[in-house]
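Look at the structure first, then read on.

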Amino acid sequence: MENNPVKSGSVCWRSPSNIALVKYWGKYGRQYPKNPSISFTLSHAYTETKIDWEYIDEPQEEIALYFRFESKEKPAFAEKIRKYLKSISDIFPLISNLKLSIDSHNSFPHSSGIASSASSMSALAMCLLDIDRQINSEENIDLQKASVLARLGSGSASRSVFPKLAIWGQHNSIQDTSQDYAIPYHESIDDLFLNFHDDILIISDKEKSVSSRAGHALMDNNPYGQTRFDQAHNHLTAIIDAMQKGDIASFGAIVEKEALTLHALMMASDPPYLLIEPNTVEAIKIIQSYRQEKNIPVYFTLDAGPNIHLLYPHHYVEEVKVLKSKLRPLCANGLIIDDRVGNGPTKIN
Ligand code: PMV
């Protein structure tokens, strides 16, 4: 640092959310997954984070942080970020020498029931590593490091730093997979899947009744836990095989099984949770019968809440518009967020 003139600066990154096809549900230790997962990186649902930073020569005990969300101070969010930044000081010691002023906002409405942890934590990780890069006059950001930092904020965020498709968690027959970080995984995949759409049906815009942290913890004593973790390994092998062959029917069958299994696991937890709404079930039935009647490869998945992700290849956009007009009345304020597979974080100048 002594010979380096860069003592302050500004960085801004936009990072997308992602949707898991094989779900991560259950964790241990320092945010390690109990099973490997795979997700599509999205495009339109993103967080944009800007950090004005200053280098302080004397390392600080307390993190020097000023945080705003959508231009407003949010003490609860700020506290979470402060805790996170403190928690990474062993692997990112530079944090103790930084004074940060953070401004963040999402592309989607805050009260849409869409979890923003993957997009926000990956945007923050990209910003932190960009500051490190500026201080050390390096050319590029190491995305593997970004994935580790993002993971420590929110497990699923580890996957958002890569374009299109990413796998997080160790799988014995998939090379280079790791518990520590996600890896990009689109090279061998049929193009059909790399242009997929993911339209998010906002069935309820209320906050979830169980946090994902509490949900993961419930897997520790879930009677179906080990069976589930084994199933996820098998599903990952099978879905990759289907995506390499362009086998959309097998892909869809696994994706829907994963979504319903996630909710079945929650219903079988102690205490049990029911996070889907009557309109979730209604929408699923409409999607399944539309698929059968029209012979259109449109499938659903769910996150840990009532909202539905509608997955389909690009060349069925017109046909799916008709389906969406049937589904819209089931959505809160008729809200559907049209998204699709995207290219990962981008730097904003
Ligand atoms: O990253 P977390 O702790 O918010 O957990 C995400 C869990 C799911 O979204 C349900 C599944 C996944 O793999 O993203």
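## Serine 178

Serine 178 counts as buried, at 10% relative accessibility. The model is predicted. Serine 178 sits in the loop between β8 (165-168) and β9 (182-184).

The side chain of serine 178 reaches the backbone nitrogen of aspartate 180, at 2.9 Å. Leaving out residues up to four places away in sequence, serine 178 touches Trp168, Gly169 and Gln170.

## Domains

The protein chain is divided into domain 1 (8-185) and domain 2 (192-340). Their centres, taken over C-alpha atoms, are separated by 24 Å. In the contact between them, domain 1 takes part with 34 residues and domain 2 with 44 residues.

## Ligand site

Where does the ligand lie relative to domain 1 and domain 2? Both domains give residues to the shell around the ligand, so the ligand lies between them. There are 13 residues around the ligand, and Tyr24, Ser154, Ser156, Arg159 and His216 come nearest. The shell divides into five nonpolar, six polar and two charged residues.

Next, the polar distances. An N or O atom in the side chain of serine 156 is 2.7 Å from an oxygen atom of the ligand. For histidine 216, a polar side-chain atom lies 3.0 Å from a ligand oxygen atom. The ligand taken alone exposes 380 Å², and the protein buries 89% of that.

Asparagine 106 lies in strand β7 (residues 98-106). Is asparagine 106 buried or exposed? Its relative accessible area is 9%, so asparagine 106 is buried. The side chain of asparagine 106 makes a polar contact with the side chain of threonine 47, at 2.7 Å. With neighbours within four places in sequence left aside, asparagine 106 is in contact with Tyr46, Thr47, Phe69, Glu70 and Ser116.

One of these contacts, glutamate 70, is not a glycine, yet has a positive phi of about 50 degrees. Glutamate 70 is placed in the loop between β5 (64-69) and β6 (72-73). Glutamate 70 counts as partly exposed, at 32% relative accessibility.

## The loop between α8 and α9

Alanine 268 has its place in the loop between α8 (248-267) and α9 (278-294). At 26% relative accessibility, alanine 268 counts as partly exposed. Alanine 268 is in contact with Asn222, Pro223 and Tyr224, leaving aside neighbours within four places in sequence. How far apart in space are alanine 268 and isoleucine 248, which are 20 residues apart in sequence? The C-alpha to C-alpha distance between alanine 268 and isoleucine 248 is 30 Å.

Proline 271 is also found in the loop between α8 and α9. The peptide bond from aspartate 270 to proline 271 is cis. Its omega is near 5 degrees.

## Asparagine 295

Which loop holds asparagine 295? Asparagine 295 is found in the loop between α9 and β11 (299-302). Asparagine 295 is exposed, with a relative accessible area of 66%. Phi of asparagine 295 is near 55 degrees, a positive value in a residue other than glycine.

Notes:
Residues are numbered from 1 along each chain as its sequence is written. This is a predicted model: local features need pLDDT of at least 70, side-chain atom pairs count only at pLDDT 80 or more; totals for chains, interfaces and linings use all residues. Side-chain values use heavy atoms; hydrogens and water are left out. A residue is near a molecule or strand if one of its heavy atoms lies within 4 Å of it. A polar contact is a pair of N or O atoms within 3.5 Å; within protein, one must be able to donate a hydrogen and the other to accept it, and residues adjacent in sequence count only if both atoms are side-chain atoms. Accessible areas come from the Shrake-Rupley method with a 1.4 Å probe; for residues, only the protein chains shown count as cover. Ala, Val, Leu, Ile, Met, Phe, Trp, Tyr, Cys and Pro count as nonpolar, Asp, Glu, Lys and Arg as charged, and the others, Gly among them, as polar. Domain bounds come from an automatic or database domain assignment. Helices (H or I, at least four residues) and strands (E, at least two) are DSSP runs, numbered from the N terminus. Buried means under 20% relative accessible area, exposed over 50%, partly exposed in between (1.4 Å probe, protein chains only). Contact means heavy atoms within 4.5 Å.
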